[in-house]
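Have the viewer open and click along as we go.

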Amino acid sequence: MHAQRGRVAATMQLLTQLEENMRNYANDIVNAPETADRAIADSFFTRALVQALKVPYSFSYGFDSLKTISRLYAPDSSVRIFTWQIMKDFSYYRQKGAIQFHTKDGSLKLIPLYDYSAFTDNPVDSVRNNEHWIGAVYYNIIEKTFNNKNYYTLIGYDENDARSTKKWMEVLTFDENNKPQFGGRYFNYPIDYSKPAQTAYRFCSQFKKTEIERALVRERL
């Protein structure tokens, strides 16, 4: 028992140290004034995050000081989703992310998410995998079970461009190989030109940025 407590304490100490090393990178992804500095911070942060997650039983470690990185646990604690965004310039944002699975032996099972938004004309048109993800920074996850299958509704945002912000809602499921599937035919509503045309596999609302929001973005450039 004493040896086990010692291993847990050592693991926590290591993860705390790794988190401290990531904190400045995580902050600079959002707040660094130059595009190149934000890109460099993102690259260093991504590598450091993977290194930290490789520590056994890292799934239960919260990384609470990484304020610019969304870290959402599913209500059933089966997965954790990391998402964040990087601004290239005044008119272009890109989202990054990864899904970490809870494993019995504490080993790392991680699936990266690749933002495909810039390469599609119709982001609501289909179910998508992790390589064709419509990027968002998630701030809520809701779990429902139907016919012994779990459905995770994800709610997030995309700063989009200088004039507008998008808010996204879509359903995450996992196939028979435990691969993520984003979207599905879950939305049904009357015809409304302010909403995505049916059939929509995910739901998007777009809002104009206020003058204050636009000014805050300009200050970072």
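**A walk through the model**

Start at Asn148, which is exposed, with a relative accessible area of 81% (buried means under 20%, exposed over 50% and partly exposed in between, using a 1.4 Å probe and protein chains only). Before going on, some housekeeping: this is a predicted model, where local features need pLDDT of at least 70, side-chain atom pairs count only at pLDDT 80 or more, and totals for chains, interfaces and linings use all residues. Residues are numbered from 1 along each chain as its sequence is written, and side-chain values use heavy atoms, with hydrogens and water left out.

Back to Asn148: this residue lies in the loop between β5 and β6 (strands are DSSP runs of E with at least two residues, helices are runs of H or I with at least four, and both are numbered from the N terminus). Its phi is near 65°, a positive value in a residue other than glycine. Asn147 has a positive phi too, near 50°, and is likewise placed in the loop between β5 (137-146) and β6. With 64% relative accessibility, Asn147 counts as exposed.

Now step into strand β6 (residues 149-158), where you'll find Thr153. Is Thr153 buried or exposed? At 18% relative accessibility, Thr153 counts as buried. Leaving aside residues up to four places away in sequence, Thr153 touches Asn140, Ile141, Ile142, Met169, Glu170 and Val171 (contact means heavy atoms within 4.5 Å).

For a contrasting setting, look at Lys208 in strand β9 (residues 203-208). Lys208 has a relative accessible area of 77% and is therefore exposed. Ala10, in helix α1 (residues 2-31), is partly exposed at 42% relative accessible area. Ala10 and Ser126 are 116 residues apart in sequence, and their C-alpha atoms are 45 Å apart.

Tyr57 sits in the loop between α2 and β1 (70-73). Not counting residues up to four places away in sequence, Tyr57 touches Lys104, Asp105 and Gly106. From Tyr57 to Arg94 the C-alpha distance is 30 Å, across 37 residues of sequence.

On to the rings. A pair of aromatic rings is described by the distance of the centres and the angle of the planes. The rule here takes rings of Phe, Tyr and Trp (its six-membered ring) as paired if their centres lie within 6.5 Å; planes under 30 degrees apart count as stacked, over 60 as edge-to-face and the rest as tilted. By this rule the model has twelve aromatic pairs. Take Phe45 and Trp84: the ring centres are 5.2 Å apart and the planes are at 85°, so this pair is edge-to-face. The pair joins distant parts of the chain, with Phe45 in helix α2 (residues 35-53) and Trp84 in strand β2 (residues 79-89), 39 residues apart. Both Phe45 and Trp84 are buried.

Compare Tyr116 and Phe119, whose ring centres are 5.4 Å apart with planes at 50°, so this pair is tilted. Tyr116 counts as partly exposed at 28% relative accessibility, while Phe119 counts as exposed at 62%. There is also an aromatic cluster formed by Tyr61, Phe63 and Phe82.

Some rings have a charge over them (NZ of Lys or CZ of Arg within 6 Å of the ring centre and within 35 degrees of the ring normal). The charged end of Arg47 sits over the ring of Phe44, 5.2 Å from its centre. Lys167 lies over the face of Phe207, 5.6 Å from the ring centre.

Last stop: the second largest pocket, with about 330 Å³ of space. How many residues line the second largest pocket? The lining has 21 residues, and Tyr92, Tyr93, Asp115, Ser117 and Ala118 lie nearest the centre. Two or more lining residues come from each of β3 (92-101) and β7 (164-174), and β3 gives the largest share, four residues. A pocket here is an open set of points on a 1 Å grid over the protein atoms alone, where a 1.4 Å probe fits and protein lies on both sides within 12 Å along at least five of seven lines; lining residues have an atom within 4 Å of a point. Points are joined across faces, edges and corners, and the volume is the space filled by probe spheres set on them. By class, the lining has nine nonpolar, six polar and six charged residues (Ala, Val, Leu, Ile, Met, Phe, Trp, Tyr, Cys and Pro count as nonpolar, Asp, Glu, Lys and Arg as charged, and the others, Gly among them, as polar).
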